[in-house]
Number of protein chains: 2
Amino acid sequence: MLTGVIDMTLDERKKRILESIIKDYVETAEPVGSRAIVKKHNLRISAATVRNEMADLEDLGYLEQPHTSAGRIPSESGFRYYVDCMMERETLVDDEVELLQKILKDNLQDWDEVIQSIGSFLSQVTRYTSFIIVPTIKFDEFKYIQLVPVEKGKAMVIVVTDTGVLMHRRIDVPESVNSRDVQSINEVFNRLFAGKKLTELRRTDLQSLRDDLKKRKKAIDSMLEAIDNLTENTGEEKVVISGILNMLNEPEFKDLEKLKKILTILEADTALKNLLPEASGEAVDITIGRENRLDEAKEMSIVLAGYKVFGEIGRVGVIGPVRMEYWKAAGTVESVRTIIDEVLKKHYHG
Amino acid sequence: MLTGVIDMTLDERKKRILESIIKDYVETAEPVGSRAIVKKHNLRISAATVRNEMADLEDLGYLEQPHTSAGRIPSESGFRYYVDCMMERETLVDDEVELLQKILKDNLQDWDEVIQSIGSFLSQVTRYTSFIIVPTIKFDEFKYIQLVPVEKGKAMVIVVTDTGVLMHRRIDVPESVNSRDVQSINEVFNRLFAGKKLTELRRTDLQSLRDDLKKRKKAIDSMLEAIDNLTENTGEEKVVISGILNMLNEPEFKDLEKLKKILTILEADTALKNLLPEASGEAVDITIGRENRLDEAKEMSIVLAGYKVFGEIGRVGVIGPVRMEYWKAAGTVESVRTIIDEVLKKHYHG
DNA sequence: ATTAGCACTCAATGAGGTCGAGTGCTAACA
DNA sequence: TGTTAGCACTCGACCTCATTGAGTGCTAAT
């Protein structure tokens, strides 16, 4: 029976025992027995005492027993309690920080590379599967627009925004359009759009533009369509996943059916985006097992943080089994987020 | 005993039996017994006769027995014989062809999208894992070079080649460089490079260029470095893989260790490129089991064909278990290759 | 050459039996 | 009152052994 009063704060000994069980279980993936604990963590009490405490912890819902004659494993509430009330994050060591910073600096010219590198770094350090959601960068202004003829009847529209994003589309142009036409089209477009807000562009009186350049109507139409297309397409967040293989090492996913569920989620960008909680500012957010929205992910845990790019919030984190090294994962994700923010601020915001 | 003479060409009845065994085995993944065959494919002979023939086929090395009291399964030589001497490719039906063509047309503006779509189409139709290797396009000529200032001290170098490839790099420029400088730099670069072969560029007398524009030396150096960088980086073929999940459905990979091996290969671009045979012109190439170079892929089969882009050869195909529907895979890969070639020719070569 | 018949083989399946880690309870102890 | 030793009990893991049945190879008849 309980002591009558339900105490949210556990006494030190219970905490110590809960922690021991969590550490052992996370390491071995096996139920933990009373004797094993006393030995390994050399607590100065007997196994019988531990058993009593364990019974209490079970009543509180922090532990559970797979079957009568097995040891205890932490319940999801157990992990939750640990994460909320006891855990200390294990941030990256200096070497790792340096390594990451170096990786980033080496790839700074190419934004895609940066993301990839961070992802694979994160998954390597944590040994879980990492994900990075790159937010839609809602650029405000066109910086630069250019039509480049590529071959007969084909051209490429290049748009650069003030946030340094480059987009392109191939379009068809009438073969009659010559290089002088192209040049004047470019001039017109740049004069018209450069520095304009996206929202303004949408209201731009396209009609007048068409009238203005009736002769090259066809080419201009294509170009406008392409630009429209480009600006629409930025609606999609990009998802980068790394270290899926790490999943296979977790004993909880030796069951092919479970594995398939997980991989299915990871393969479908939309499902994953749906699963991940919103990044709420700075904090590292931890979602444990059944706390997850998707049924298919009820046996997974997610550790995630938000980072800022050009005013938008992106998400970065890891996903793994409920039996996760939360201390390491949370610390690493936090460090990585900080470093991303720093690097971005320094190199992309001027 | 054999008939004495070793005949490479099997008689009709043996062929029929071999084929039946292959079809059944591919479908069920279970050893096939003599009775089952007679029934299912209603051959007009008795099980005992089939048994005799099967014994012969085993002596020839085309069948093997997991253990005495099991049925037979095709050996790798068996599959090889079937593929070489008997198989008829099952090409895409019209609906599928149309679907693919539609998918391609919808995504034509973006080369990356095209590749992705083809990959996922291929893996969906075959139910195996598909791969596409996009070759290095060794562009010959610079079409267009542009330096676009993005924010203070930062700019973007954009290069378009005559093959319609767009590349970019972010670079640092001294803050003193103003928009007039940028314009004149652009003019110089375009005058100098446009239409130049890559090889020529490397020999271009950069010294004179520098002298010419001493004042903007810093910016120009950065730009040259970026361009150099870009042209070097094209050394990497791109690898796109799709439908990895299909692997999980194959009973031969229910063993986690095997699965891990395969996924490891698929995750490492270099390993995969190494594994895949060179695409030899037009033909569909089939590699069965131990014919593969990598030890880790001795239980896999690969069906692959080459396609041409701008004179370079790319590779497209599927990878799956030795127990593969070669007829379907080969036919599909062939169809897809043809369609890629057509679409590329029509839309990218002018 | 083909086939029916039959003895033989061997993986798969399931039923007992043993083992041991781990528990819960009770009674003794500080 | 909290802690501990002792002990009976539980139950999954593992081993063994017998049964089953699909499938074979061989032999003798057609």
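Buried area is the accessible area, taken with a 1.4 Å probe, that two parts lose on being put together, summed over both. This is a predicted model, in which local features need pLDDT of at least 70, side-chain atom pairs count only at pLDDT 80 or more, and totals for chains, interfaces and linings use all residues. Residues are numbered from 1 along each chain as its sequence is written, chains are lettered from A and ligands numbered from 1 in the order in which they are written, and side-chain values use heavy atoms, with hydrogens and water left out.

**Stop 1: the interface**

Show chain A and chain B together. About 3,500 Å² is buried between them, and carbon and sulfur atoms give 61% of that area. Now select Q109(A), R170(A) and L245(A). These residues supply 17% of the area that chain A buries against chain B, more than any other three residues.

Next, colour the contacts (heavy atoms within 4.5 Å). In chain A, 40 residues are in contact with 40 residues of chain B.

What does the rule find in the way of salt bridges across this interface? A salt bridge here is a side-chain nitrogen of Lys or Arg within 4 Å of a carboxyl oxygen of Asp or Glu. Between chain A and chain B the count is zero.

Which elements give two or more residues to the side of chain A that touches chain B? Select β4 (142-151), β5 (154-161), β6 (166-172), α11 (245-248), α12 (256-267) and α14 (326-348) of chain A. The largest share, seven residues, comes from β4(A). Helices (H or I, at least four residues) and strands (E, at least two) are DSSP runs, numbered from the N terminus.

**Stop 2: chain A alone**

Chain A has 14 helices and ten strands. Buried residues make up 52% of its 350 residues. Buried means under 20% relative accessible area, exposed over 50%, and partly exposed in between, with a 1.4 Å probe and protein chains only. Among contacts in chain A between residues at least 6 apart in sequence, 62% join residues at least 24 apart.

Go to α12(A) and pick E257(A) and K260(A). Their side chains meet in a salt bridge, 3.6 Å from N to O. The two sit three residues apart in this helix, so about one helical turn separates E257(A) from K260(A).

Then select A29(A), in the loop between α1 (12-28) and α2 (34-40) of chain A. A29(A) is not a glycine, yet has a positive phi of about 65°. Its relative accessible area is 21%, which makes A29(A) partly exposed.

**Stop 3**

Switch to chain B. Over all chains, the salt-bridge count comes to 41.

Pick K154(B) and D172(B), whose side chains form a salt bridge at 2.9 Å, N to O. This pair links distant parts of the chain: K154(B) is in strand β5 (residues 154-161) and D172(B) in strand β6 (residues 166-172), 18 residues apart. K154(B) is buried at 14% relative accessible area, whereas D172(B) is partly exposed at 48%.

Now select E252(B) and R323(B). Their closest N and O atoms are 2.6 Å apart in a salt bridge. E252(B) lies in the loop between α11 (245-248) and α12 (256-267) of chain B, and R323(B) in the loop between β10 (312-321) and α14 (326-348), so the pair ties together parts 71 residues apart in sequence. Both E252(B) and R323(B) are buried.

**Stop 4: two sides of α5(B)**

Select residues 94-106 of chain B. Helix α5 has 13 residues and reaches 18 Å from its first C-alpha to its last. Its buried residues are E96(B), L100(B) and L104(B). They cover an arc of only 70° around the axis, which puts them on the same side of α5(B). The arc is that of the directions from the helix axis to the C-beta atoms. On the other side, D94(B), D95(B), E98(B), K102(B) and K105(B) are exposed.

**Stop 5**

Select L10(B), in the segment before α1 (12-28) of chain B. Is L10(B) buried or exposed? L10(B) is buried, at 8% relative accessible area. Leaving aside neighbours within four places in sequence, L10(B) is in contact with K15(B), L18(B), L57(B), L60(B), Y62(B) and Y81(B).

Finish at R127(B), in the loop between α6 (111-126) and β3 (129-134) of chain B. R127(B) has a positive phi of about 70° although it is not a glycine. At 51% relative accessibility, R127(B) counts as exposed.

How values were computed: The expected span of a helix is 1.5 Å times one less than its number of residues.
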